[in-house]
Every structure is written in structure tokens, then in C-alpha cells.
Amino acid sequence: MSELIRKNASELVELLGKGEISSVELTQAHLDRSMAVDHDVHSYLHQDASTALSAAADIDRRRAAGEKLHLLAGLPIAVKDNLTTTDAPTTSGSKILEGWVPPYDATVVKRIRAAGLPILGKTNLDEFAMGSSTEFSAFGPSRNPWDLTRIPGGSGGGSSSVVASFQAPVAIGSDTGGSIRFPASVTGTVGNKPTYGAVSRYGLIALASSLDQVGPVSRNVLDSALIQDLIAGHDPHDSTSLPESLGSMADAARKLDVKGMRIGVIKELMGEGFQPGVMNRFKESVNLLQQAGAEIVEVSCPNFEYAIAAYYLILPAEASSNLAKFDSVRFGLRVAPEGNPTIERVMAATREAGFGPEVKRRIILGTYALSSGSYEHFYGAALKVRTLIQRDFAAAFEKADVLISPTAPTTAFKIGEKLEDPLAMYLNDIATIPANLAGIPGMSVPNGLADEDGLPVGIQLLAPAREDARLYQVGAALEKMHEDIWGKRMIDFAPELEVRG
Amino acid sequence: MAKDELMNYEKALEMFEVVIGLEVHVELNTKTKMFCGCRNEFGDEPNTNVCPICIALPGALPAVNRTAVESSISIGLALDCEIASNGRFARKNYFYPDLAKNFQTSQYDEPIAFEGALTVELPSGSVHNIQIERAHMEEDAGKLTHIGGSTGRIQGAEYSLVDYNRAGVPLVEIVTKPVYGAGAEAPELAAAYVRSIREIVKGLGVSDAKMERGNVRCDANVSLRPHGQEKLGTRTETKNVNSLRSIERAVRYEIQRQAALLAKGTAIIQETRHWHEDKGATSAGRPKSDADDYRYFPEPDLVPVQPSKELIESLRAKLPEKPADRRKRVQAEWGFADLEFRDVVNADLLDQIEETVRAGAKPQAARKWWTGELARIANSQDKDVTELEISGAHVAELTQLVDAGKLNDRLAREVLTYVLGGEGSPSEIVSARGLEVVSDDGALIAAIDAALAKQPDVLDAIREGRMQAAGAVIGAVMQAMKGSADAGRVRELLIEKANA
């Protein structure tokens, strides 16, 4: 294995900038790694070595010609398969989109290309990002590089495992209720869900429009900061995108200082239901932050209790409408029943064959929640809870600059373990969902290994909307303290994967 | 189509009170569509004005067209509506192949404009103050063409084609509150209301307002109730009636049809109905209930439209005159008799005559050309007079050429056909084709002499005061000069000659 692929993105871009390595060399090293391990890990749904290498060669040529390039030019990246790409199929993990090549690039993809980052491939996800394990991908689950019998988190298990297995230095994910943060937590990687509107959703195949947000996945905090700085910014194509810049995340990640910061521990997100190893590591990090000069305060968010219930009404409601466009008329799968079927029967047969069980479950839930007679009891009530949760956060941020909690109650579970129990699966997101409901940024940072199973756990940092920089500042500082104690990065504790062919 | 039993109209009105409600869809003439940058253009090759947004490809997002919002606010203001400080879009969910997203982005409980009124005056002199419930923004659907089958409808078709050029074209839907008390004039009032809406949107310049192209479409709700009953009767909604005449006929038909059913004790089915211009009848569409479940919810992909007070006031300042005020003003300015003016209004010629007068024509001359010769030509071509390819300036020029004696009536009509044929302005045509009236005395005298040579008695007759004898010579001169002689001048010269 080339040592290059273990390096942080921040180091790689320095080497690229100095001309010590070429983008082709770096891209090839990652493609080789995928050849060696992705048969087992299954991070990618689609890879095309020639497109990635030609983008890399183009950057090398331009660099050789003395052109002034973007800071990250030449750094390969993986992209979640729910972002549209003109040169690769975009399936969102669904049979209904199998083989569909979009005629346009998502805004995030455009920014990546414009900066000269070769795209290594499209990463796996639960179908339409509905799930916490990638087990609902129509193309089979991804596996956790720490233990291949376990899930890599979801929905963005492709992006977390691709980074954790050194197949890519950085990746793009999307987070609707924890799809960046939960996978990061269970694979010992970093992931940030930016403030709602910080990154354009144009070209992101929508799950729930009011909750979805695109963000970075990496092996350390600074690398995520560099990627967020690349992809964030106003986009006229997304009317929910913020007009203003949130400043430099990379600068924040380089401060490495938490002195005087007020850090709030959320009372409701610990204790019962949280694995002991998760809680032990969390408490240690609270102490570390305190020792580093942060002021620790306890905050209460009493309405978080209702967050999952509200989320599982708002999300399916929006999803049921967003997914209506998959009707066989203009793109994607078309299944025509025997005989001389009407358009309604073709639509029904296509959706019956093209959508998987979790997608159907949520479409039915959402359709019901929006129906007249149900609306006020379900969707309407959920919107009220959403407001209450926003108020909880507003009150908590009066007392604290940053809030912290474990990212997830448990470490990675076994593949198949929760497949038949949707409610148990939904509970993985208990700590991550409130941030999506409130539109605030949330980051998961590696937080050590659980005593009982030796698997990674994550700590979640939350900040008020538009204050993503605080997460990068505290996250990077905590990461530095951890690495000083451990003597190496968290990811360096991961077992070596068996290398094939 | 089964033939409906109809009740005599007068009898229907004796038995029942008519309540109507009108929903008018106005297609805005913005350069681009409501939520994307595609051209908003009628008649282009199918599926050429489309993009990932308006054909709803996965990942695409809408962005609101600012001009469409301003146009909608202007329409709201022209209808004396309140303008919402927070106008939210909503999704109206239903599956149909012309609706790319399978939901229509519309407005539901927070329309951009609400609580307005429009005064409509009928030729009888009755004045109706129509209450406007709301005017909201939404997008048009694509256009389906059903191939095979006999009806041209989706039922029985072999297959259907979809053209998404119209998908996402901005619409404003204007909804009235129930309109009471029009009695026998209800059909006429319905048409007059839509005419006023057309005038307003045309005057604002926000729509091409051509009903034949579907720029303005009306759904007419009609219900009957026994006189004195408070509870409204069951209504039908006749969809997409695409001319003013059809609106009037469709409403009248529904009154007669419903009255016949109610008189027999048969309940009216709440449904949409289709108007068939050829048969002069409506037919049942789909059943419609108030409980139709479109699962409306706020559109999460769009932030609410929040027009500033400054914007609203600047749009208000630019509002044109109200149709009723304008009519009063121009009728007085032009000095038209009531009957003359009614013809002009009914023929939708206010704009044309105003433009013609503004270009220098005398009002009566403008009226005569538009309601006379031009209306006749349009009629012979089975067109609406407003569709003729001629500007008010051209008509004005024609009247001025006639006034100046350069054209006589016959020549002017001839020049008009060349203008309509696209040959240019009247003066250009006159000089290019050499059509000017001959007033060169030398040529006229020569022609008069030639005519007198054949009718030598005429000069004596004139001297004796028998002026009618002059007619034969004038006619001969006109004939000799192929109609291009100035008949008045010929007469003068003839008299001079007799008295010389």
C-alpha cells in the first residue's frame, strides 16, 4: 500500500503544490487501493479510473504550465451517489435510477471540478438516503473497515467507509438526520453537516428538502474544513442557500484553542440507551475540554424527546412528494405491465418494482401524514415540535457557544441486526436529528474506542446557525488533544484490511 | 354524448337564483418560466424550451422568477387586493403525466394577493361589484396530445405525447367569491368579467391575454338555488372555456341544464364539465368533491416571497387606469354614442381605436375602419379582428390619406388589403403601386373632354341646373381613370367648364 493514501488531505495538497507528487500518481494510488479492498468494503457504486486519471493529468499539465491553481487542485475526492454527475451514473442507491446519467452536474460537483479535484467515484448509500446502515441500498451494503461484519453507518456509509479504508482522502456526504455524522461516528472519521443553506442542494437528489444538507467527510477536522470551504457559498439555483459567506473553516480549524469557550453538555442526550463505552469516552472528552480552559455548562433541551417522532413525519411527508417525480415518464426505470396498460398502471408498476421496502414505507407514512384529516394531527403537529426544538437550541445557546453530545448511542452494529426493526434503526439518529430540524451545523469527531467492543465512537459538536467555524475550532482542538494522548490519529488504530488481487 | 334536457331560460330564472363563481388563469408573458431560465414562448417545437428544472429531473430545484412575482403583485393591486407580506408557495400533489414533478408548485393558504374587488358594468347599465377572493401564483403544466381513439381525450387513446414547453410557465389564478344577483345577466356578466380581467392584464402588459392561445382561461362555476334559499346549490365547474362568447354560452347552458334536472327532483352532481363549442353543450368530466385531497404542504424548496412596501408602492404607482374608468373617459373623449361604443367594447377594439386615435386619426374614422372594413375582412378570414396584422398607426395613416384627398374610399380599401398583406405602410404602398388619386387637372380635363365628346348635351343640362346629368360624365371619367380620379375635383372642373 502506498504510504501516500494514509496521509491527510492537508499534507497531500502541500505535496501537490510543491510538485513533490503528481495528481496522477496520487489518484492512481487511490484507485489501486480500491482494486485491493473495495471488493470487501463496497464503498463505491461506480468508479471510472479513466475519467479520474484524465482529470488528474489535466491538473498536472496545468500546474506544469505554471497556471495558478486552487489550493486543493489535484486532490482526489469521492462523491456520494445522490449528487448528479454528467460523467457517471447517479442512482441514489435505487433500482429506479439504475444506469441514469444526469445531463447536469450538481453545484457542489461543479465547484469540485472547477477547483480541479479528480472524482474517484460515486459512493454507496441507503436508497434515497433513507437508512442508517447502507443496508437499504438497492446495490448491497457497504461494510465497516474496522469490522467487515458491521455496518459503516448510513445513509452515507459509502463516503465514511471510503475514507476510513483509505480509498479516498476526502468525500462528500449529505445529512438529513445524521447521514454524515452517524457514519463518521462508527468509522472513526470526521463529518460535518453544515448550517442549512451553507452548501447548495442543487443537484442533490432530495430526500427531505427542509432537512437535507451537503457536507464533507474526512479523516481529520482540518481536511473537512478545507472541503467545506470549497463547496460552501451562495448558489442562485438554490433559493434556500444563504446569501452570505460563513468565513474560513480552515482558519478556524487551525486555531487549536478552546480557552474561555462555553461548552454545553446536553442533559437529554446521555445516560439511558447510550452504550457505556460511548459515555465513558464522552466524559473523558468533557474533562479534556475543561482542562484546556473551556467552561463546561449543563443545558437542557426538554423537547428533544419528541424529535424522532416529528422527524419521522416531516421527512416522509416531504419525501413522499419529492419522490413523486419517479414515474417512468421522463427518465429512469419503466416497467410496463402486460397488455395495454394505462399510464397510471405503468407508473404504479414502475414504482412497485423500482422502490425498495424502506422507501415504500416512508412514502406511505408521508402520504398519510399529509392527508386531509391527518395533516393537523401529524404534519402540523410535527412542525410545532420543530419550532419547540429550535427554541430549545436558542435557549441552550444563550448559555453555551457550542453544545456537545455523543454522536450516536452505540458503536457500529452487525449487518442484519436491526433490519427487521425499523424503530431500533431510527433510534440511532436520536442525537443527530435535532440539528437538522433546527437547521444548525453539527459535526462528529472521532472520540476513541469503546471499552466493550473496541469500536470507534464519535462526539458531536453543535453550534448556532452560521457558526460552523466554532465546530471546526473546537473539533480540531479536541482532535489535537486526543492525538497527543494517543500518539497517533484515531484512524491509525483501525485494523489492516486484507488486500486482494 | 347524451343530449341534456334544457329548461326554457326565462322559466329557469323564474324558478331559481343563479350563483356563479369564476376562476381565471392568466398566463404571464415573462421572458422566462416561473422557476427556471427556459424561454416562455408559445408555439415553439415541442420540448425545446425545457431544462432539468421544468422536466423535474432528480436534484433540480426551483428559483422564483422575480418579474413573475412583480406581475402577480400588479394584477393583485389592479384588482384592489391586499398584498401578502409573506407569500408562501405550496405543493399541490397529484399524479398526472403533464405534471413533471407530479406536484404543482402553487400557493395555498398564503396567496400573494387577496380580498379585492372589480367593478363590471353591463351594456344594460347594471353595475356589478365582483368580490375577488384571491389571486395566486402557480405554474402551468405541460401539454398532452392524445393519439388514436375518437375523442382526442386520454380515455381510449392509443398513446399520448407530452410537450413540456408550457410546463412551468407562470400563471396567476384569480378566484372570485360567489357572485349573486346577476339574474338573467349572469352569463353576460361572466363574459364581461373575463373581458375586464383581460383588459387589466393587457393594460398592465403582464400577459398577451389571447384567449385563443390559452393566455387567459376561465373555469366557470355555476349553481342554482330556489329563490329565498340560503344554502348554496351544488355547483359544476366548466373548465377552460376559451372565448368570451363560449363563457356566456356555457354559463347559460349550465343554468338551463341544471334547472331542468332540479325541476325533476334530480340532484346536481358536483363535477367538472367540458364545454363543446361545436355542439353548444357541456359534458361531464370527472367528479369533483370538496374533499379532493391534494395533500398541500408548504414548498420547502422555496423561501417565502416577501415583497417590500417600497416595491408594492412602486408597482401601485405604475398601475394603469381601471377598465370602467377608462371606458367612461374614452367614450367621452371620442364622443361615441352609447350604441357605437358598445359595439367597440363588444368587439374588443378599445386598444386598437385608442392606438389609432393616438396616431392621429379622427375617432369616428378610426371606429368606422375597425368595426367596418377591418371587421368584415377578419370575419371573411374567420379571425378575430384583433388578430389582423395591422397597427393603429397604419389605420390612422390611411384615414389621413383619405382626409387629404389622396385616397378615395375604394382606393383606401385596396391599400388596406396590401397593408394586411405585409407590403408596408399605406404611404409606402401608395407610392410603390402608384395608387394615388389623380388630381392633376390636365389629366382630368383631358378625360372630361373625352367623356363630353360622347355626351355633348351634358354641359347644357348643367347650365340649366340639372346637376344629376353631371353624374354620367363623372362616372365615365372615373371609369376611364380606373377609379383613381378625385371625383370631387372632376365635378368642380365640369361645372367650371359649363360656366365658362
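The model is predicted.

Contact between the two chains involves 35 residues of chain A and 25 residues of chain B. On the side of chain A that touches chain B, the helices α10 (307-322), α11 (343-354) and α12 (357-370) of chain A each supply at least two residues. The largest share, three residues, is that of α10(A). By type, the residues on this side of chain A comprise 17 nonpolar, twelve polar and six charged.

In chain B, an open sheet is built from three strands in the order β4-β3-β14, with antiparallel pairing. The edges of this sheet are β4 (103-106) and β14 (297-298) of chain B; each has a single partner strand, so one side of each lacks a neighbour in the sheet. Strand β3 (residues 90-93) of chain B is joined to β14(B) by two bridges, and the two strands run antiparallel. Within this pairing, B:Ala90 lies opposite B:Pro298 of β14(B).

The largest nonpolar core has 237 residues, and those touching the most other members are A:Ile77, B:Ala190 and B:Val194. Helix α3 (residues 186-204) of chain B gives the largest share of this core, eleven residues. What does B:Ala190 touch, leaving aside residues up to four places away in sequence? Its contacts are B:Ile20, B:Leu22, B:Ala220, B:Ile247, B:Glu248 and B:Val251. There is also a second, separate core of 36 residues, which includes B:Phe341, B:Ile353, B:Val357 and B:Trp370.

A kink of about 35° in α9(B) is centred on B:Leu374. An α-helix has 3.6 residues a turn, so residues three or four places apart point the same way. After α9(B) comes B:Asp382, which has a positive phi, near 60°.

Methods
Residues numbered from 1 in each chain as written. Chains lettered and ligands numbered in written order. Predicted model: local features only at pLDDT ≥ 70, side-chain atom pairs only at ≥ 80, totals over all residues. Contact = placed C-beta atoms within 7 Å. Helix = DSSP H or I, 4+ residues; strand = E, 2+ residues; numbered from the N terminus. Nonpolar A, V, L, I, M, F, W, Y, C, P; charged D, E, K, R; others polar. Pairing = 2+ DSSP bridges. Core = buried A, V, L, I, M, F, W, Y, C linked by C-beta atoms within 7 Å. Buried ≥ 20, exposed ≤ 12 C-beta atoms within 10 Å, placed from the backbone. Bend = angle between axes of the 7 residues up to and from the residue.
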